[in-house]
Amino acid sequence: MSFYFTLKTQNNISTDDILNALTKSDVAALQTDAGTVFYHPGQSLRGVILYETNDGYDIGLNAFTPRIDAYLAREIASVIAKRTQAEVYAEDDEHAIPAERLAEYGGEDWIAARENEAQLLMAQSGSQITDQYSTVFGYKRPFALPTSKALSAQDRLSEIDRLMLEGIALQQIDDVEDIYPAQMFTMTFKAPKRRLLDRLKGRPQQDAPPDRHFFTVTEETRTLTPAPMNFGELEVNLVDKSNQTRTITAEKLYNHARSLGCREYGFGSFDLTLSGDDFEKIFAEAQELSAV
């Protein structure tokens with residue numbers, strides 16, 4: 001769920017030129033594999049992404065984002081159009097939009113429509129992998145939304161407001177707090193080599209073991225756990241002070257963190273420090289990490 005402006009131009013504009021032309025000086029930019037994300041630190045959640053295309057640029061605004069990002073998307077479109085003489089189209093309008101109209105395109109009704117997309121996303125939350133959450137990508141890190149299909153319309157609005165604030169705080173927590181943001185890793189395995197005897201007897205090739213998705217939590221280290229990413233089983237490497245490592249499912253860690261009252265952002269992103277009995281209890285339940 002998203003909204004796009006398409007800008008057709010053969011001229012280029014730099015990120016610095018865009019930032020310098022914006023009315024608010026606090027806007028920052030982050031280069032990603034997909035494109036450049038513009039955001040207001042401490043106020044944005046998903047930000048505005050600028051993609052370079054063969055014909056110019058696309059500007060994307062994804063669902064579940066605060067109003068300030070919708071205003072920013074229009075202004076960026078306006079700046080680029082004016083500086084590059086671009087021909088601009090919105091996904092809901094087949095006619096080219098004059099550059100001078102872009103900053104106010106659609107008026108407040110358009111801003112409200114972008115805001116209301118959060119309700120649609122929450123109503124459909126859940127994925128093909130799990131019905132517990134769905135994950136959106138913030139400008140800095142993913143944020144998992146717990147399912148809310150059973151909520152009334154009014155309660156869903158309150159839940160959206162709460163989750164929006166949590167998602168915004170999650171994006172910059174390690175900039176303002178002394179916390180280690182754990183990284184998500186994926187370990188991919190090759191299928192075992194087919195033995196000569198297996199080939200001679202016509203035995204089928206064995207499949208590769210499934211990918212292993214995991215992050216690490218270290219004893220006595222304040223850690224921000226990464227949001228789950230809709231790819232099925234997720235594991236946690238627990239590392240004690242002697243550097244011994246054991247593994248446990250993320251679900252067991254989540255339940256343990258909740259029982260301790262750890263702060264949870266959305267679904268699965270915890271601010272937690274496990275030490276003493278709190279660490280020993282879950283470490284005792286974990287399994288020694290074995291090679292595959």
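Which residue in β5 does Phe 3 stand opposite? Phe 3 stands opposite Leu 61. Here is the wider picture.

## The model

This is a predicted model: local features need pLDDT of at least 70, side-chain atom pairs count only at pLDDT 80 or more, and totals for chains, interfaces and linings use all residues. Residues are numbered from 1 along each chain as its sequence is written, and side-chain values use heavy atoms, with hydrogens and water left out.

The chain has 8 helices and 18 strands. Both are DSSP runs, numbered from the N terminus: helices are H or I with at least four residues, strands are E with at least two. Of the 292 residues, 45% are buried. Buried means under 20% relative accessible area, exposed means over 50%, and partly exposed lies in between (1.4 Å probe, protein chains only). The chain exposes about 15,600 Å², an area computed by the Shrake-Rupley method with a 1.4 Å probe. Carbon and sulfur atoms supply 46% of that area.

## The seven-stranded sheet

An open sheet is built from 7 strands. Their order is β2-β3-β4-β5-β1-β6-β7, with antiparallel pairing. Two strands pair if DSSP finds at least two bridges between them. β1 and β5 are joined by 7 bridges. β2 (28-31) and β7 (93-97) stand at the edges with a single partner strand each, so one side of each has no neighbour in the sheet. The twist averages 25° from one strand to the next.

Helix α2 lies across β1, β3 (36-39), β4, β5 and β6. It runs at about 170° to β5. Such angles run from 0 to 180 degrees between N-to-C directions, with axes fitted to C-alpha atoms, for helices over the stretch in contact.

In soluble globular proteins, nonpolar side chains tend to be buried together. A nonpolar core is a set of buried Ala, Val, Leu, Ile, Met, Phe, Trp, Tyr and Cys residues joined through side-chain atoms within 4.5 Å. The largest one here has 30 residues. Phe 5, Leu 7, Ile 59, Ile 76, Ile 80 and Trp 110 have the most contacts inside it. Elements giving two or more residues to this core include β1 (2-8), β5 (56-62), α2 (67-84) and α4 (107-123). The largest share, 8 residues, comes from α2.

What does Ile 59 contact, leaving aside neighbours within four places in sequence? Its partners include Phe 3, Phe 5, Leu 7, Ile 76 and Ile 80. Contact means heavy atoms within 4.5 Å. A second, separate core has 23 residues, including Phe 215, Phe 270, Leu 272 and Leu 274.

## Helix α7

Helix α7 covers residues 250-259. Ala 250, Leu 253, Tyr 254, His 256 and Ala 257 are buried. Seen down the helix axis, these buried residues fall within an arc of 165°, so they line one face of α7. The arc is that of the directions from the helix axis to the C-beta atoms.

The buried residues pack against β12 (212-218), β14 (235-239), β15 (245-249), β17 (269-272) and α8 (276-285). Glu 251 and Ser 259 are exposed, on the face turned away from the buried side. Gly 261 follows α7, with a positive phi near 80°.

## A hairpin

β8 and β9 form a hairpin with 4 residues between them. The two strands run antiparallel and are joined by 5 bridges. Val 136 stands opposite Phe 143 in β9. β8 (residues 133-137) is mostly covered, with 4 of its 5 residues buried.
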